Amino acid sequence: MDGELQRISALPQKDKVTLHQAQLGGGYARASSSALPKDLARWLAVVVGSDFPQIVARQVLEGYVAKLPEIEDRETRKAVLKKSIELLQPRVTSFEEEICTLREQYADLLEQDEEFPEAARVLIGIPLESGSRPDEYKLRVYIRIVRLFLEEEDSTSADTYFNRASLIAHCAKDLETKIAFKLCQARMFDYSRRFAEAGSKYHELSYVPELAEEERMHALGAAIVCAVLAPAGPIRARLLASLFRDERSVQSEHYSILYKMFLDQMIRPAEVAQFASKLATHQLAQLPPTQAIVIADDAEAEVGKKGPETVLDRAMMEHNVLAASRVYNNIAFKGLGLLLGLKPSAAEAMARTMIQQKRLKATIDQIDNLIIFEVDTHEGGGDAAVSNVAAQAAAREEDDAAAGDEVANAPATKKWDLQIRQTLQLAEQIAARCEVLLAEGKPPASTSSSSSAAAPPSGTAALAASA
């Protein structure tokens, strides 16, 4: 072969392209040759040599790159692609287009063999910062690099290229690229433990009609998981409400825990363990040791954990703190610790953190070792005390002058009992009035007029109508 290459190099320039292409078609691209990688490497070293005419080399390389997919043996093709990239890389400025194509082909083979980090590193070598590549192409490559790193849960390496993709995301014109970027964005939020943002993005993707039904349901399930893992508070409450109202959520395997989360019901350890078995590795990441907790010298020996150990533990414990605030007016540190499986001092520290972050409305009485919960009568959504209906009823009760301060400051369960009691009293009054009218034998017209004349005050009438 060396002699043939020397003979071709001595020919006029116009004949070199045809003869080099004839060499490729005449046997160098046959997969049956055991020496194919070495033969092609020697042939390519001559073509990309500094003394070889660049115009001829570019034309020959176009044919060479186009013929490489014809190699049927995968391992042989991978070896040829790897060696070709090594030989062409020093002259990347001269053969940029060919190198990009070779790297994409090599990355395809590595990805099919599930060598995701290596495939990502091959794509990183594409010269995207030279300025000659369009932004849409750069965006597609960046998205692919991010996706490959995330397949190995390497969110740290993916973050750099996701940030670069974010700067040119507005250049995406085709729907496939837009959906791919949104999915990368949701997954990056997920791996970064920004679960509220991830849940919102996943839920948005679950409505894309161009996706298959199975993929939309998978996105909805991921949205529910992220909503459950999100820090307790108003943001998570709105996300839970949105997911709970989605009629497709009933079909999800995570619906039972979503139901309890939305209605602020306590979640038991067995339910947490069942939910944990369906989570990804990064969603069960270990948390750093809890900050030092000051305990008095004369305090009794405390029993329980020093704090949440995983992301899931923290989410469940914070949710149970909020659930307790819907049931109790106040709770002792020891009682909250028993409820969460924590030391009393650790339970106090968790509640204090939630109060500082304005995710829990309460005050701490360290003299009596109590957490006193504040009642917000206008609170609604997923963190409402009973439901949206109960919250609206509580708001109407505030306008009733007869209810007084007892209604305004009572917990939701007492307000609901008061609503029922007032409704029953009003029904008894109406029934008694009807009996009197029937005994007097008055016609229906006078009955209606008499009823309106004897109607209770407007606030009570409005309460009965709403009930």
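## Hairpin, helix packing and aromatic pairs

In the hairpin formed by β2 and β3, with 4 residues between the strands, asparagine 369 adopts a positive phi near 55°. The model is predicted: local features need pLDDT of at least 70, side-chain atom pairs count only at pLDDT 80 or more, and totals for chains, interfaces and linings use all residues. Residues are numbered from 1 along each chain as its sequence is written, and side-chain values use heavy atoms, with hydrogens and water left out.

Strands β2 and β3 pair in the antiparallel sense over 4 bridges, where pairing requires that DSSP finds at least two bridges between two strands. Isoleucine 364 stands opposite isoleucine 371 in β3. Helices (H or I, at least four residues) and strands (E, at least two) are DSSP runs, numbered from the N terminus.

| Element | Residues |
|---|---|
| Strand β2 | 362–365 |
| Strand β3 | 370–373 |
| Helix α4 | 54–67 |
| Helix α6 | 96–112 |

Helices α4 and α6 pack at an angle of about 15°, their axes lying 10 Å apart; axes are lines fitted to C-alpha atoms, for helices over the stretch in contact, and angles run from 0 to 180 degrees between N-to-C directions. The two helices α4 and α6 are therefore roughly parallel (angles under 35 degrees). In α4, Arg58, Leu61, Glu62 and Val65 meet Glu98, Thr101, Leu102 and Gln105 of α6, contact meaning heavy atoms within 4.5 Å.

The structure holds 7 aromatic pairs (rings of Phe, Tyr and Trp, the last by its six-membered ring, with centres within 6.5 Å). Phenylalanine 244 and phenylalanine 262 have ring centres 4.3 Å apart and planes at 15°, so this pair is stacked (planes under 30 degrees apart). The pair links distant parts of the chain, 18 residues apart: phenylalanine 244 belongs to helix α13 (residues 234–245) and phenylalanine 262 to helix α14 (residues 255–262).

How values were computed: Parallel < 35°, antiparallel > 145°, perpendicular 65-115°, else oblique. Phe/Tyr/Trp six-rings, centres within 6.5 Å; stacked < 30°, edge-to-face > 60°.
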